[in-house]
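Visitor: I am new to this structure. Could you show me how to read it?
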Amino acid sequence: MLHPRDILLGAQAQTGFLPVCDHYSGVEARMRKSLQLQAEMTEEFGACVFDVTLDCEDGAPVGGEAEHAALVVALASLASDKARVAVRVHPVDHPAFEQDIATIAGKAGKKLSHVMVPKVESVADVERAAAALDAAGAQRLPLHVLIESPAAVHRAFDIAAHPRVQSLSFGLMDFVSAHGGAIPAAGMGIDGQFTHPLVVRAKLEIASACHAHGKVPAHGVVTEFKNTKALGAAARRAAQELGFTRMWSIHPDQIRPILEAFSPGTQEIETAAKIVEAAARADWAPISHDGKLEDRASYRYYWQVLERAHRTGRKLPDGVRAWFTAAP
């Protein structure tokens, strides 16, 4: 029997659904703590509610790239089958890029959920990264790419269209600095990044490119990590105003506010469950619910509400829970 995901989403379902939070750490002690926290919260919520991305770009000391890559391999290899562990390698034009891919994807590729490539400027960079993964025997691994310049934003739709790309993220600070002072420092702050026209335009382009091609748009970091209230407000704006469905965390205290901000509300979950259950009983033909016509267009929306609820650890109504017991 076909799963609702396949019936309602079609080809889009093949890109999968990602946890709404992507947590970055690059220092050994923090990487270990992040993996332990992921295991604890998976047990708590009954689903893996955030990715752990082990960071080579910002984590490896200059001259110690090979040793850091070996550490990432060791940590990824210890992860359980329920874990979602990724790695951010160096940019494709960095001397350590090929070594990162050969070492990490070659030795721990089966443990990784994806590979994040920073400073992607064009489809050619994606092709180079994909070829390196293939050469390392990691043909199944999806690519996540970080868009960090005005030129890369201009090419976002072409980059998102690449079949190997699963998600696009926005690199705020590099984007602002690439403007040579034309965007003030406030554009990198928790308020300015949601109000400066050039920054907002870039975010909307990335989100639009992803949704056009069935990929996942990931909002970047909020550096004010001690202000969890402001972080939660920023996450809600990213989700509700700009169309992002995923967000980076750089401190453990940011994870739960991101989950909360990207979670659907209890009433929305209940409504979605009622409509999807009724649709399934009608073999996905149009129905009337509370005096309103519902059909496959709305079924798709409400199914995505349930997917997001599951991936943020929210309790699902009994009638739809079985669809998620074996969810990836």
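The talk below goes from the sheet to the helices.

Guide: One caution to begin with: this is a predicted model.

Visitor: Which residues does UniProt list for the domain?

Guide: The UniProt record, an unreviewed entry, lists residues 39-252 as "domain: HpcH/HpaI aldolase/citrate lyase". That span is 43% helix and 16% strand. Its end C-alpha atoms lie 13 Å apart.

Visitor: Now the strands. Is their pairing parallel or antiparallel?

Guide: The general idea comes before the case. Strands of a sheet pair through backbone hydrogen bonds, either parallel or antiparallel. Here the pairing is parallel. 8 strands close into a barrel, in the order β1-β2-β3-β4-β5-β6-β7-β8. Neighbouring strands are turned by 25° against each other on average, ignoring direction.

Visitor: Let us take one pair. How many bridges join strand β4 to strand β5?

Guide: There are 3 bridges between β4, residues 112-117, and β5, residues 143-147. The two strands run parallel. Across this pair, Val-117 stands opposite Val-145 in β5.

Visitor: Which strands does helix α2 lie across?

Guide: Helix α2, residues 28-45, lies across β1 (21-25), β2 (50-55) and β3 (85-88). The helix runs at about 165° to β2. Helix α11, residues 255-262, lies across β1, β2 and β8 (246-249). Its angle to β8 is about 170°.

Visitor: And how do I read two helices together?

Guide: Two packed helices are described by the angle between their axes and the distance between the axes.

Visitor: Which residues in α3 and α4 meet?

Guide: From α3 come Glu-65, Ala-66, Ala-69, Ala-70, Val-72, Val-73, Ala-76 and Ser-77. They meet Gln-99, Asp-100, Thr-103, Ile-104, Lys-107 and Ala-108 in α4. By class, this contact has 8 nonpolar, 3 polar and 3 charged residues.

Visitor: At what angle do α10 and α11 pack?

Guide: Helix α10, residues 228-240, packs with α11 at an angle of about 35°. The axes are 8 Å apart. This crossing is right-handed. Among the contact residues are Leu-231, Ala-235 and Arg-236 of α10, with Pro-257, Ile-258 and Phe-262 of α11. The contact divides into 8 nonpolar, 2 polar and 1 charged residues.

How values were computed: Residues numbered from 1 in each chain as written. Predicted model: local features only at pLDDT ≥ 70, side-chain atom pairs only at ≥ 80, totals over all residues. Heavy atoms only, no water. UniProt positions renumbered as here; feature names shortened; annotations may be inferred. Helix = DSSP H or I, 4+ residues; strand = E, 2+ residues; numbered from the N terminus. Pairing = 2+ DSSP bridges. Axes fitted to C-alpha atoms, helices over the stretch in contact; angles between N-to-C directions. Contact = heavy atoms within 4.5 Å. Left-handed = near helix turned anticlockwise from the far one by under 90°. Nonpolar A, V, L, I, M, F, W, Y, C, P; charged D, E, K, R; others polar.
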